[in-house]
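Trainee: I have a structure to go through with you. Shall we take it piece by piece?

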Amino acid sequence: MTISENVVIAPYTTFKIGGPARFFCIVTNDDELVEAVTFAKEKAVRFIVLGGGSNVLFSDDGFNGLIIKNEMMGKTFTDDGTLYSVVDANAGEDWDEFVALTVEKDLFGIENLSSIPGKVGAAPVQNIGAYGAEVGKVVASVRVLDTETMKFVELSFVDCKFSYRDSIFKHEKGRYIVTKVRFRLCKQGEVNIGYKDLAHFFADRKIAKPSLKEVRNAIIEIRKNKLPDWKVWGTAGSFFKNPIVTAEVFAELQKKYPELPGYPESDGRIKVSLGWILDKVCDAKGLTLGNVSTYEKQALVLVAKPGATATEVINFSNELMKRVREKTGLIIEGEVEWAVV
Ligand code: EPU
């Protein structure tokens, strides 16, 4: 394994932003991963693991540590004779190629997460979710390198503490590096087409019971029409999380904005659609400052033109946060990870 110096990070991220990393390496197996982390410890620098770079914003000054690009490949499907199949995928596998394979094999559980950029290893970290599905619901366990003990351990579903765009991996930052994810996918499940956009898609086409493949294709099409192509734009998808508020706060907001969409969480709180607020309340859909805009079809998504800097993106996001706070009193949080220098 080679550890390079002064490697520009921008091409490794979908925002296409970020200055040089002091050190950079690609790991393809456990031994290389241990070697990389040991190197960072010996040099007394921080390390960040990068998968597809699709949910991160690096500083223009780069990163004064080691970037470890995880390219551990491999996946296995095991039919254990029950209603479920156990599927293992290594962290460096492409997420959407993996989803496509599960659909081909008629396994239910992640079809609604089609077309999300990134790698398998990142999926449990931010508990990726879309169209009424969350990956945490079908994760059986996650194999990690515990960088405190330098041992490989298996974290159970419960250990992972999944919630909306959240998991243990975000709280114990940098401690665990995901090497493999074990999924439990159903062989005779049911498709979940309750989410508004999906329900409309099939109602328009008069399809009552779509197949797995039809659901995947529908999601690919819906996303293509609503979200920017990250191969063209600099983007990391939704830039902020949808805020979760108490029923009282939601009722107050609804008095002012009766059409504000809200979705109940299991604890009784309500997840509020920030895209709607940015669009309908803050008049920020398509707003542009310099090289950065909210996407013309989805205000929660930021897009950056070639040449945009991280500083521009951060200034722009600060402006959006200010507008939301002034209009609604809500303090919003980033969904994208901001890597510190
Ligand atoms: N809306 C507007 N205007 C906008 C954007 C949204 O009125 O500019 C309204 C929509 O009409 C809808 C509601 O707000 O009534 C919610 O919008 P949408 O269904 O597009 O979903 P979202 O909450 O904005 C979340 C995820 C997306 C995921 C979609 C679909 C987060 C932070 N984002 O967006 O994930 O694709 O749901 O399930 O939870 C990502 O994480 O990068 C991402 C794209």
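Mentor: Start with terms. Helices (H or I, at least four residues) and strands (E, at least two) are DSSP runs, numbered from the N terminus. Note too that this is a predicted model.

Trainee: Which residue just after H8 takes a positive phi?
Mentor: Look directly past the end of H8. The phi there is about 55°, and the residue is Asp283.

Trainee: Is helix H8 largely enclosed or open?
Mentor: Buried means under 20% relative accessible area. Seven of the eight residues of H8 (274-281) are buried, so the rest of the structure leaves this helix largely enclosed. Among them are Trp276, Ile277 and Leu278.

Trainee: Which element gives the most residues to the largest nonpolar core?
Mentor: That core has 42 residues, and Trp95, Leu113, Val135, Phe169 and Phe183 touch the most other members. Elements giving two or more residues include strand S7 (84-90), helix H2 (95-104) and strand S12 (176-186). With six residues, the top contributor is S12.

Trainee: Where is Ala208 placed, and is Ala208 buried or exposed?
Mentor: Ala208 sits in the loop between H5 and H6. Exposed means over 50% relative accessible area. Ala208 has 69%, so Ala208 is exposed.

Trainee: What separates the C-alpha atoms of Ala208 and Gly118?
Mentor: Along the chain, Ala208 and Gly118 are 90 residues apart.

Note on methods: Residues numbered from 1 in each chain as written. Predicted model: local features only at pLDDT ≥ 70, side-chain atom pairs only at ≥ 80, totals over all residues. Heavy atoms only, no water. Core = buried A, V, L, I, M, F, W, Y, C linked by side-chain atoms within 4.5 Å. Buried < 20%, exposed > 50% of the residue type's maximum accessible area, 1.4 Å probe, protein only.
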